Amino acid sequence: MRLEEIRNVYFLGIGGIGMSALARWFVKGGVRVSGYDLTKTPLTDALEEEGMRVSFEDNPDSLPEEFRAFREDSLVVYTPAIPAGHKEFGYLKSVGYEPKKRSEVLGIITSGTFTVGVSGTHGKTTTSSMLAHLLDVGQKDCSAFLGGIATNFNSNLLLRGNVTDGLAVVEADEFDRSFLRLSPDQAVVTSVEPDHLDIYGEADSVFESFAEFIAKVPENGIVWASEKVPEFVLPENKNIEILRYGFGERADIRAENLRSTPDGYQVYDFVSPEARIENLKQLVPGRHNVENMLAAIHVALANGVDVGKIKEGVESFLGVKRRFEYVLKTENVTVIDDYAHHPTEVRAFLESVKEIYPGKELTVVFQPHLYTRTRDFFAGFAESLSLSDNLLLLDIYPARELPIEGVDSKLILDKVTCENKRLISKENALEFIRENKPGLLVTVGAGDVYQLLDPIKEIYR
């Protein structure tokens, strides 16, 4: 189905954060949108206020008229959380619809709009959010589908101006190869490392998948790749411009004169073949976030944002929820939360914290995410977590997985080299914090470790 043919969309599970973003995009583009959800929530209330019809009854008789029989101009979208026996889902299939998943719909959208796909094992959420913010400040017609809540928008979605004719920024997720459904005109590759081996099986399959995604960029397109991305995933014989970014002298786009200010900004000069922008001020900390911003800046420049707006956008970018997010910051206490769940991410985060707070004792609460990831990378996690002064290691957050015999957090703990380390429950972690009142405390992980944050704030109050 082509984007320009769609006149009606029905969402099964319209109240989810990812599905509601798609629904809002279609409404902004002039399409009639309706849907079903199990329960009424503030989000479904907001969708109804925006003109969408939302039903909370699983009844084919309550379907909008345009979906009672198959129509070529109508699209059905569903979330995998819809149960197999759902009546509306069954009815819509019986009359000829082929319900699409979110990733398939993003594929339809990107095939009909000029799209920048932002991919990478690490950094894609922050980089795509940075780019969306720069385009917004630059007053460009655009939309952005993000993998986290951008603080500037308080949303995972940006809709500005004419979204169907404007630029689309899409976070290209490699998790289940869903990024291979996208049609990027330009692409950013922040990093390529083995991950999701429960899906891919082996590292080479991860590299091959990224190479396949990058190869989807058409002739005369542009690919921005971090200097750390291996050369062998980039196309050799295709007429695509490849631009490297980072801190090395051979990077086409790089940061120079990086320094910190007493008020918490990182200041640096942006250097590219076409431009030099001096004294950029960035509030979001970490050397890795400066690298992410380098890519966002050059993509924004390449798509018509002027230098003055770039400087304004870099300085006003506030970050992404759970990405180096300050939870508490006083004269004596700093608490930071981060979503890092891969050894490289954990190392980059902890190194940044130690760089900002040199000489301060660092207490880390880390929750491993997935049995398979722990099995595959426990040595890497241990090496990264050895940057801690005090390590409070929680049990593995299983997410979608069942336990694997012999795989637990102790695999990591045994190889951590810092002296003060312990396996601990959430309750006992809070007790440790209550008794010791660490001056520099970080919570790290992609599971539900963030649930400790409110109790931690109460302890310090």
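## Around helix α13

Glu431 sits in helix α13, which covers residues 426-436. Helices here are DSSP runs of H or I with at least four residues, strands are runs of E with at least two, and both are numbered from the N terminus. This is a predicted model, where local features need pLDDT of at least 70, side-chain atom pairs count only at pLDDT 80 or more, and totals for chains, interfaces and linings use all residues. Residues are numbered from 1 along each chain as its sequence is written, and side-chain values use heavy atoms, with hydrogens and water left out.

How open is Glu431, at 32% relative accessibility? That value makes Glu431 partly exposed, because buried means under 20% relative accessible area, exposed means over 50%, and partly exposed lies in between (1.4 Å probe, protein chains only). Glu431 and Ile456 are 25 residues apart in sequence, with 9.8 Å between their C-alpha atoms.

Gln451 belongs to the loop that links β20 (440-444) to α14 (453-460). Gln451 is partly exposed as well, at 46% relative accessibility. Its C-alpha is 9.2 Å from that of Lys426, a residue 25 positions away along the chain.

## Two loops with a positive phi

Most residues other than glycine have a negative phi. Asn154 isn't a glycine, yet its phi is positive, at about 50 degrees. You'll find Asn154 in the loop between β6 (142-150) and β7 (155-160), and with 58% relative accessibility it counts as exposed.

Arg177 also has a positive phi, near 65 degrees, and is not a glycine either. Its loop runs between β8 (167-171) and β9 (186-189). At 32% relative accessibility, Arg177 is partly exposed.

## A negative patch

Which residues gather in a patch of negative charge on the surface? They are Glu202, Asp204, Glu208 and Glu212. A patch takes residues with over 30% relative accessible area and no salt bridge, joining like charges within 9 Å and nonpolar side chains (Val, Leu, Ile, Met, Phe, Trp, Tyr) within 5 Å. A salt bridge, in turn, is a side-chain nitrogen of Lys or Arg within 4 Å of a carboxyl oxygen of Asp or Glu.

Glu212 is part of helix α7, residues 203-215. At 46% relative accessibility, this residue is partly exposed.

Key:
Areas by Shrake-Rupley, 256 points an atom, 1.4 Å probe, with all protein chains shown as cover. Lys, Arg positive; Asp, Glu negative; His and termini not counted. Charge placed at Lys NZ, Arg CZ, Asp CG, Glu CD.
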